[in-house]
Amino acid sequence: MKRKIALLCCLLLAILAAAAAADSGEEEKPWTVEGDRLIIREGVRTLGGIHEEGWTEEDMDPGIPEEDLYCPSLYLQEDFPSGIREIVLPSTLRVIEMESLCELTGQDVVLNGPVEYVSEEAFCNGWIRRLILGRDYTGNLPGLYNCSIREWEAEEGNPRYSSRDGVLFSADGETLIAYAAGSDALHYDVPAGTKTIGDGAFNDEDMGIPLQTISLPIGLRRIEAYAFAGCGRLHSLTVPLTVTELDPSAFANCVSLERLSLPPGMTASWGEDYALHEDPSRYMGDNGGTLTELRETDNFDQVRTETRVTAAAWLSGEDGEGPVAVYDSPAAETPARRKQSGTRVTYFACSGGRARIWDYGDISWIDLDRLLPAGSEPFFEISRVVPTEEGLEELRRKGLEQYSEAYFDDENDLVGRFYGRAGAPGEEDPEAELPFRLVRLYRPRTGDSRVLGMLVTEEAGQPIRLLDAPEGACLGWTYRGEQAEVLETREEWARIRTIALTGWIRTENLMIAEQEPGGGETDSGEAGERTGT
């Protein structure tokens with residue numbers, strides 16, 4: 001009997017407590033906390049949408065049906081000072097509105113199939129360790145408004161999305177949808193098979209992505225709007241020749257971009273008020289502070305003083321060969337003269353689709369698509385040029401038993417110039433120039449393991465074609481005198497990286513710069529290997 005009375009008392013107390021809560025206006029919270037887990041309870045269909053206290057229903061984002069069970073915006077650090085490590089969303093959730101989960105500190109967020117809409121500003125003022133798209137999730141993606149994602153993950157079998165190394169792709173892997181902005185990597189290789197860099201794929205409004213270089217694969221076809229916008233530390237990028245569609249805004253606000261190599265005829269805007277000098281091949285900048293200014297002057301010393309950016313380039317005709325038309329003004333219709341492909345020039349201003357160039361005293365204009373970027377910052381310093389054993393025999397045959405160490409000349413002709421004994425009074429000292437195959441190139445000893453060299457040809461204007469593979473398709477070309485890093489060798493082929501392109505060339509077009517011996521003395525009687533690998 002006593003037990004029945006006790007149970008009736010408990011039931012009565014529960015009823016009275018519920019009634020008191022109802023009278024006081026208290027409602028069951030749409031979330032619970034279990035340890036360090038924040039659980040949005042089942043039945044909630046809409047999460048977020050109210051920014052601060054005092055907002056009315058009229059201030060809420062449209063699209064939240066009145067009949068939905070609603071959970072207001074949650075601020076993890078403010079509302080849960082003890083710390084939340086895991087967030088559990090209910091299976092009933094359909095809409096994730098603006099500022100739904102704020103101040104994230106590295107939690108995982110899982111989006112599952114029933115979610116129909118995620119606001120562009122769903123998460124803010126924090127970072128997500130992993131944003132996981134469930135196998136049945138096919139909805140839209142949240143924006144990254146003041147929020148970064150360390151890793152994207154799409155569960156296997158998702159019909160719309162896939163992921164690779166923390167980067168989000170389309171299910172077929174052909175479109176790169178979103179890079180992991182929270183990654184601390186300095187370089188990223190876009191995988192082979194990618195055909196499209198999607199709208200805003202690398203977009204970083206906060207300019208916090210640390211990427212400095214990105215490699216794009218051969219076979220890429222399209223780069224969409226704002227694809228790399230705001231990548232504030234990106235300093236070099238080569239767009240492969242397979243790209244046929246490039247949105248001009250793709251590189252907006254890439255304020256540190258120094259080298260941008262684009263297929264002929266393509267241009268890109270650097271920002272709303274700046275253009276890449278109308279230059280389809282190269283931009284040089286310094287954190288947004290330097291842009292080439294047009295200087296109408298025939299004095300190159302003045303150009304170097306007053307123009308904040310100049311760049312080195314090769315003149316390059318069709319397929320890298322042949323003569324190139326030179327004009328006296330940007331609007332001239334008739335060429336004033338012609339220069340040979342492979343001539344190294346400096347350009348310092350652009351107007352009307354032409355660049356103003358300087359070529360050892362001659363200041364004139366050239367069509368921009370006839371310019372090819374040339375290395376302005378060397379991969380290595382040239383220490384000296386010495387003859388091989390065969391080169392010594394050639395010098396002796398000409399009666400030049402003594403020789404001087406020689407650098408490459410100002411025109412970047414890779415020939416060592418050697419001298420004999422002093423000539424008769426009034427006569428010039430006898431000299432001889434040795435071809436590339438008879439000299440060795442040295443650079444100061446650094447102790448590193450890199451293989452560095454210089455590109456060579458028998459003729460000055462002869463192009464060196466860079467291929468996508470040995471005996472493969474041509475990616476572009478360069479000329480002798482360009483420095484390069486050797487990345488790989490395969491029989492008579494070498495894969496190299498130049499200032500503008502990476503590709504394969506024949507080793508006959510490569511002269512390795514050997515490091516100086518430890519003692520600083522070189523035995524010039526030993527024939528050096530051409531490739532050094």
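Mentor: A residue is called buried when its relative accessible area is under 20%. Please keep in mind that this is a predicted model.

Trainee: Are Trp314 and Tyr479 buried or exposed?

Mentor: Both Trp314 and Tyr479 are buried.

Trainee: How is a pair of aromatic rings described?

Mentor: One gives the distance of the centres and the angle of the planes. In this structure, the search returns eight aromatic pairs. In one of them, the ring centres of Tyr137 and Tyr161 are 6.5 Å apart and the planes meet at 20 degrees, so the pair is stacked.

Trainee: Where in the chain do Tyr137 and Tyr161 lie?

Mentor: Tyr137 is in the loop between strand 12 (126-133) and strand 13 (147-149), whereas Tyr161 is in strand 15 (residues 161-164); the pair, 24 residues apart, links distant parts of the chain. Tyr137 is buried, with a relative accessible area of 0%, and Tyr161 is buried at 4%.

Trainee: Which residues do ring pairs link into a cluster?

Mentor: The cluster consists of Tyr179, Tyr188, Phe202, Phe228 and Phe251.

Trainee: Which ring has the charged end of Arg164 over it?

Mentor: That of Phe169, with the charged end 5.5 Å from the ring centre.

Conventions:
Residues numbered from 1 in each chain as written. Predicted model: local features only at pLDDT ≥ 70, side-chain atom pairs only at ≥ 80, totals over all residues. Heavy atoms only, no water. Phe/Tyr/Trp six-rings, centres within 6.5 Å; stacked < 30°, edge-to-face > 60°. Helix = DSSP H or I, 4+ residues; strand = E, 2+ residues; numbered from the N terminus. Buried < 20%, exposed > 50% of the residue type's maximum accessible area, 1.4 Å probe, protein only. Lys NZ or Arg CZ within 6 Å of the ring centre and 35° of its normal.
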